Amino acid sequence: FTPKLPLNRGARYEVQTPMWEAQNQIANFDLNPGSPTYGRLVNARSGSIRERSFSNVDLNNIAPRLGFSYAIDAKTVLRGSVGVFYGGLGFQAVAPFGSANLPYSVNITEVSATTAATSRLPLSTGFPSGFLDPARAVNPAAFGLPENFPMSEIYQWNLNLQREIGAQTVVSLAYVGSGSSYLRGFNDLNAPPPGAGAINPRRPFPTYGAITFSSPFAHATYHSMQAKAERRFSGGLSLLSSYTWSHAIDNSVDGEDTGNGSVTPQNPLNTNAEKGSSGIDMRHRWVTSAIYDLPVGAKGGFLGGSQVTRALLGGWQLGGIFNVQSGFQLTPTVAPNPANTTTTARPNLLRNPNLARGERTVDRWYDPTAFATPAQFTFGNAGRGILRAPGLVNLDLLVARNFQVTERFRAELRGEFYNATNRLHLGRPNVQTNAGQAGRITNTQVPNRQVQLGLRLVF
């Protein structure tokens, strides 16, 4: 655009088809109320992509990009960019896929009494005739996809100010953000509503168990300030220090770990109520890594005047990684489920459960009395991610010495000290708020000090 302001503009068009099985050996649970096969498993058949994969092809994935860099002066530059990106299907296990449906996957339970001398089904004799007949499956689980499944759409943007200070050092300050839509999420649409009585009769489809519906209901946002200082290796010293202050928000609970298992949407019919801080949200993170060749015994350095002193004292190297970060968000739970549903239950929130820093202990990391068990057959009102796990302050050290054997060969003796200060790094507290162990931490997130010695030959 100008000598000081180059622009980079472009656009990308992507088409990614849904997945199908080579021999059409998959099925889909039809959850479209207007369909003639509503509430039933439908087998794939040869023909169009829609007939083989149960979803239409998403054809409107246009991704524009724009980037610029503006040279304020010889040592200062302002960079920025914005773009639209589309996510792929990623890794797909068998369980959340049509091949996990009947009759291609059969799950039969055969219970043996704990006091029995032998199993009711000895593996040495093989399966009895008809044992894996799909007709024997009782309340089988199922999997479903929507007819229209757009690819995940991600908007990313950043603005970065960089400044050179000295010949080998650059500092930068950036704002980095993103927004995501149509993210894949899993939801049990056959979960019973709150109520009394047995579970299965209250399900929308009583002859089935959980019906996992994979749909693009999830959305997320991320905003961060990122500061960095970097010194390239010069004068025997290399340094990289970066600090991130950020907040990640989403309404997807797939794989979120509470310490007591994975979380599912409390109310499958209201996924927007799951909006909260992401399970991977880390508000603060500062990481500094450095490596330094000690000048003692080095040529031109302290006590490096003779070949003898260089051989005896030279070649020492120190390094380390210092990491400070805040803890992840946690979601409180309550058990047994007062709503009498199959989803993960949350308590009612009475007040702020997070304790001041000086009040937190291993046995009482948060205040369990800030929660109450909901009334029978109701959902709790506590939100996702309202608790915070312990953070981390850790130092890993390196002590090494290099021996120049010949011009081409160098031996390196290394001592690596993980958690060098042997600091106790507390893990996550028990988040079942009505348990006797509520708020108590019984695990660690980083092992005690570990020392590793190594010898390398570099040539």
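The model is predicted. The protein chain has 2 helices and 20 strands. Its radius of gyration is 29 Å, well over the 23 Å that the globule rule gives for 459 residues, so the chain is more spread out than a compact globule.

**Overall shape and surface**

- The C-alpha trace spans about 85 × 65 × 55 Å along its principal axes.
- Of the 459 residues in the protein chain, 36% are buried.
- The chain exposes about 25800 Å². Carbon and sulfur atoms supply 58% of that area.
- Residues 24 or more positions apart account for 70% of them.

**Strand pairing around E10**

- Strand E10 covers residues 237–250, and strand E9 covers residues 211–234. These two strands pair in the antiparallel sense over 13 bridges.
- One place to look is Lys228, whose bridge partner in E10 is Ser242.
- E9 and E10 form a hairpin with 2 residues between the strands. Gly235 in this hairpin takes a positive phi near 65°.
- E10 also pairs with E12, in the antiparallel sense, over 9 bridges. Here the bridge partner of Trp245 is His284, in E12.
- E11 is another antiparallel partner of E10, joined by 2 bridges. Ile249 has Ser277 of E11 as its bridge partner.

**Salt bridges**

- The count comes to 17 salt bridges.
- Glu147 and Arg50 form one of them, at 3.6 Å from N to O. Glu147 lies in the loop between strand E6 (142–144) and strand E7 (153–164), while Arg50 lies in helix H1 (residues 49–53), so the pair ties together parts that are 97 residues apart in sequence.
- Are these two side chains' residues buried, partly exposed or exposed? Glu147 is partly exposed, at 37% relative accessibility. Arg50 is partly exposed too, at 30%.
- Arg388 and Asp281 form another salt bridge, with their closest N and O atoms 3.5 Å apart. Arg388 sits in strand E17 (residues 387–388) and Asp281 in the loop between strand E11 (276–277) and strand E12 (284–293), so this pair ties together parts that are 107 residues apart in sequence.
- Arg388 has a relative accessible area of 18%, and the cut-off for buried is under 20%, so Arg388 counts as buried. Asp281 is buried as well, with a relative accessible area of 1%.
- Glu110 and Arg120 meet in a salt bridge at 3.2 Å, N to O. Both residues lie in the loop between E5 and E6, 10 residues apart.
- Glu110 is partly exposed, with a relative accessible area of 31%. Arg120 counts as exposed, at 57%.
- Salt bridges can also join into a network. Arg410, Glu412, Arg414, Glu416 and Arg456 are linked in this way.

**Aromatic rings**

- The count of aromatic pairs comes to 7.
- Why does the pair of Phe127 and Phe131 count as stacked? The ring centres are 5.5 Å apart and the planes are at 10°, so the pair is stacked. The cut-off for stacked planes is under 30 degrees.
- Phe131 counts as buried, at 9% relative accessibility.
- Phe29, Tyr38, Phe205 and Tyr208 are linked into a cluster by ring pairs.

**A closer look at Asn187**

- Asn187 is in strand E8 (residues 169–188). It is buried, with a relative accessible area of 7%.
- Which residues does Asn187 contact, leaving aside its neighbours within four places in sequence? They are Ile211, Thr212, Phe213, Phe217, Pro265, Pro268 and Thr271.
- Asn187 and Gln162 are 25 residues apart in sequence. In space they are 44 Å apart, C-alpha to C-alpha.

Methods: Residues are numbered from 1 along each chain as its sequence is written. This is a predicted model: local features need pLDDT of at least 70, side-chain atom pairs count only at pLDDT 80 or more; totals for chains, interfaces and linings use all residues. Side-chain values use heavy atoms; hydrogens and water are left out. A salt bridge is a side-chain nitrogen of Lys or Arg within 4 Å of a carboxyl oxygen of Asp or Glu. Helices (H or I, at least four residues) and strands (E, at least two) are DSSP runs, numbered from the N terminus. Buried means under 20% relative accessible area, exposed over 50%, partly exposed in between (1.4 Å probe, protein chains only). Two strands pair if DSSP finds at least two bridges between them. The radius of gyration is taken over C-alpha atoms; the globule rule is 2.2 Å times the number of residues to the power 0.38. Contact means heavy atoms within 4.5 Å. Accessible areas come from the Shrake-Rupley method with a 1.4 Å probe; for residues, only the protein chains shown count as cover. Rings of Phe, Tyr and Trp (its six-membered ring) pair if their centres lie within 6.5 Å; planes under 30 degrees apart count as stacked, over 60 as edge-to-face and the rest as tilted.
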